[in-house]
Structures are given as C-alpha cells and as structure tokens.
Amino acid sequence: QITTVSGNEFLFQSDIDFLILDWFHAIKNAIDRLPKEQRITSRNLEFKLRRSSSIELLNSLDTESKEPKPEHRKSLIFRLNYSASDTNDRNRVKSRLKKFISRRPSLKTLQDKGLIKDQIFGSHLHLVCEHEKSTVPQFVRLCIKAVERRGLDVDGIYRVSGNLATIQKLRFVVNQEEKLNLDDSQWEDIHVVTGALKMFFRELPEPLFPYCFFEQFVEAIKIQDNATRIKSIRSLVKKLPRPNYDTMKILFEHLKKIAAKESVNLMSTQSLGIVFGPTLLRPEKETGNMAVHMLYQNQIVELMLSEYSKIFGSEED
C-alpha cells in the first residue's frame, strides 16, 4: 500500500517476490527523477506493500506511528524504504531459491521411492511396454477381454459414450495402481471401459500410427487398384515399431469381432472407422485439410478391418 503526499492511497499486490522488487525499483526511479524541490526528504517516508502468504523481504528503517487499518484477510505488511539498498536482499532471495531447487529430489528419485508412479495414460507406447516388459500394454489387453466378455452384443459399443467422471476415475486408478479388476461393480458400464480405452489411445503423445507414417498411409489409401492398395498398407504396417504393430494387431483383431456382430450391436467397419480413425491416426501438425484427412483416416481403419487377414496375416496367407 502506497500513500502519497497528497493523501492518495494505492494498493499493489502479488505473490511473486521479484515482481514486488521490480515495483519498488520503478517507484524509486520515478521519485529519483523528480525535481529536488518536489522530493520528500523525511527519513521516515515509507512504501507499504501488503501481500498474502509470504515472508518479509526487506526490513524497514523506521515506521510511522499510524492507526492500524482493519484487515479482511490475513496478510503481511512489507515496508520498503526507497532510500535503502536492496542488493543484499535480492541476493539473499536468489540464494534461498537456488538452495531450494538444488535440494529438490529428481523425478527418478521420486519414482524409485514409489512417490510418483509411472503413468500409463499420456505416456509413449514404447515406454509403457518397456516398463511392463511386453509389446502390448496390459491395460489394452484387459479392456479388450472385458469388452469381449460382456460388450460384443451391446448396441453402439465404442460409439456410445460412457460417464466421463467414471472414465476419469478409471484413468486415475490405472495410473496409480498396478492391479486392475474391470469386473468390479464400479466399472459395470461397459461404455466406461470402451471410453477409457479410446482415451488411452487418444492421449498417446504419438498416435498408434506414428506421425512419420501418416502421409505414407494417406498416399496408400489413395491408390485406386484395391490389390495394390492392400499390399501397400500391409507393407507399411510391417514397418511399424514392434509395440505399435503388436498393439495394432490385437486391437484390430478385437474390432473385427465387434464388426462381426454388426447385426446386434449396429457397429459396422465403417462405423468403427469413424470412431477410431482420428484416434489412431492423425498428422503431427493440423493443416487446412483436416476434413480431407479425417476421410482418409476413417477409410484406412475401415480397409484394415475389412482386409485384416491379408494385412496382418503371414506371407503365405
């Protein structure tokens, strides 16, 4: 709080120590630029800054006796005399910050102590697989098994959204706990399981179809001759990193089972392509061709489901 000679009062407030010091310097410089006859030479002139939840940065030289003003919240009063040097105080603050930062444990240390667990959602696919010593994330396998046990005949499976709050709860459980029981009553809505599985793929930093393959898959799906198109897609799939290939194979095998029950669940290969296209396959940088890309994304997934055996089968098939 700053009180001017004319009696005007101004309140400056911040939670950032260096910002408060910058304000002090700005005010001090403005006073120093004033003509000498306009300056107040009283040694007791002070600038008072109120700030919540902080320690006192600078000690004042003298204080004016003044009636305390009523406070509506707990705060500390900082008294900064414009004639005092704050170099030592700035250095002291910097020193304390450096000590605090240097003493902070590393992320690896926290992970080793179990305080921070490796995340499943939002992690790169290969890191999840390396951590689990597999080529397909365990969460993906569990979701697929749960859906195939109790969701193949459900109307609109993968198209109908589950309760987002419950999906987020499942996401939290997966990130915090190693064991997961999807048969627990709290996950009885199968749309919660499918919603979480879609969220897992959607939150991969790099999609299941890696960015460097996106344009190649788009060019392949544009090929007019169907046999050549399938051969081109198959060739690209075989070049994928092992975790991507194995996860993709088990996922598309599962979606093929969903499509086989189209007469009951009303989910055709085209419907599944619309649902999973943008989730599994997207460009690294969005351009003005978003609508065109989405069309190709859907067609790629649809073709891979329709021609699953030819794309994922052995050379002899």
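This is a predicted model: local features need pLDDT of at least 70, side-chain atom pairs count only at pLDDT 80 or more; totals for chains, interfaces and linings use all residues.
Author: Residues are numbered from 1 along each chain as its sequence is written, and side-chain values use heavy atoms, with hydrogens and water left out.

Reader: What makes α5 roughly antiparallel to α7?

Author: The axes of α5 (residues 138-150) and α7 (residues 190-202) come within 10 Å and cross at roughly 150°. Angles under 35 degrees count as roughly parallel, over 145 as roughly antiparallel, 65 to 115 as roughly perpendicular and the rest as oblique, and therefore α5 is called roughly antiparallel to α7.

Reader: Why is Leu208 called buried?

Author: Buried means under 20% relative accessible area, exposed over 50% and partly exposed in between, with a 1.4 Å probe and protein chains only; Leu208 has 1% relative accessibility, so Leu208 counts as buried. Leu208 is placed in the loop between α7 and α8 (211-221).

Reader: Why is the pair of Asp183 and Arg149 called a salt bridge?

Author: A salt bridge is a side-chain nitrogen of Lys or Arg within 4 Å of a carboxyl oxygen of Asp or Glu, and the closest N and O atoms of Asp183 and Arg149 are 2.8 Å apart. Asp183 lies in the loop between α6 (164-176) and α7 and Arg149 in helix α5, so the pair ties together parts 34 residues apart in sequence.

Reader: Why does Asp183 count as partly exposed?

Author: Asp183 has 48% relative accessibility, and therefore counts as partly exposed.

How values were computed: Axes are lines fitted to C-alpha atoms, for helices over the stretch in contact, and angles run from 0 to 180 degrees between N-to-C directions. Helices (H or I, at least four residues) and strands (E, at least two) are DSSP runs, numbered from the N terminus.
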